[in-house]
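Open the model in your viewer and keep the selection panel handy. We will hop from one selection to the next, and each stop tells you what is there.

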Amino acid sequence: SKLAILAALLYVSPLHAFVLSGVATPRLALLGRQACRTSATAFPSFSLRGLAPASPFRMAGGAAEAPASDSKFAKLLADCKDWGLTRFITINSGGAVLETASPMDVGLNFFTVPGKGPYATLASADKLFECHIRVEAAAKATFSKEAAKIGGHDLYVMRIKDTSDGILLSCMLQYDPTKGPGNYFPGAVEKFETVQSKWGPEASLL
């Protein structure tokens, strides 16, 4: 069908198909999953390990692919790839908080939604972890070492913010769960501090 072909061209998840259509249906979600399984070899994303760019493509109507390996956003994430296990946190205005953990070294893919602009997708190879960020909203990144509100142990946090300092996404080093809060995996804190030193306490992504 046309929806399956469109999803395959974009190499997207069912969520991407949802954003493009503005309509969520079980059939649309199924088409999106089928398209993702068949499009991975034709349109691979690139790994942060080497920042090998994805194969260029153009969307229907001739719109160019969103910024890729030369963007500040992609370069920042490439610098963070050695952090290891990281906790991703996002809070919406309705009061919901989503937290999940993934290694920072995941795939990075850019796609453009007509009328909405470019999005970046961080995704594990099995697609069990996916994070989507509207690139034009990601204006800056901040880095901090701060005390936890509960327990007082050190937290190491990178926050992606918009132009009004609203937090789009927080990426926080995940402690070793076998040792408890404040006990980080070997080398993780040093890797975080290296990126913090390079980019500074606040860095523009525009």
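Start by selecting α4 and α5: their axes come within 10 Å and cross at roughly 150 degrees. Axes here are lines fitted to C-alpha atoms, for helices over the stretch in contact, and angles run from 0 to 180 degrees between N-to-C directions. Helices (H or I, at least four residues) and strands (E, at least two) are DSSP runs, numbered from the N terminus. Show side chains for Lys72, Lys75, Leu76 and Asp79 of α4, and for Val195, Lys198 and Trp199 of α5, which make the contact; contact means heavy atoms within 4.5 Å. Colour these residues by type and you get three nonpolar, no polar and four charged. In that scheme Ala, Val, Leu, Ile, Met, Phe, Trp, Tyr, Cys and Pro count as nonpolar, Asp, Glu, Lys and Arg as charged, and the others, Gly among them, as polar.

A word on the model before moving on. It is predicted, so local features need pLDDT of at least 70 and side-chain atom pairs count only at pLDDT 80 or more, while totals for chains, interfaces and linings use all residues. Residues are numbered from 1 along each chain as its sequence is written, and side-chain values use heavy atoms, with hydrogens and water left out.

Next, select the open six-stranded sheet, whose order is β3-β2-β9-β8-β7-β10 with antiparallel pairing; strands pair if DSSP finds at least two bridges between them. At the edges stand β3 (97–103) and β10 (202–204), each with a single partner strand, so one side of each has no neighbour in the sheet. Direction ignored, neighbouring strands of this sheet are turned by 20 degrees against each other on average.

Zoom in on β7 and β8 (residues 154–161): eight bridges join these antiparallel strands. Here lysine 140 stands opposite lysine 161 in β8. Now bring the helices back. Helix α4 (residues 72–79) packs on the sheet, touching β7, β8 and β10, and its direction makes about 165 degrees with that of β8. Helix α5 (residues 188–199) also packs on the sheet, touching β7, β8, β9 (167–173) and β10; its direction makes about 135 degrees with that of β7.

Pick threonine 142, in strand β7 (residues 140–147). Is threonine 142 buried or exposed? It counts as buried, at 11% relative accessibility; buried means under 20% relative accessible area, exposed over 50%, partly exposed in between (1.4 Å probe, protein chains only). Leaving out residues up to four places away in sequence, threonine 142 touches Val157, Met158, Arg159, Lys161, Pro201 and Glu202.

Then move to methionine 172 in strand β9, buried at 15% relative accessibility. Beyond four places in sequence, the residues touching methionine 172 are Thr86, Arg87, Ile89, Leu155, Tyr156 and Val157.

Last, select the cysteines. How many disulfides are there in the whole structure? The search finds zero, a disulfide being a pair of cysteine sulfur atoms within 2.5 Å.
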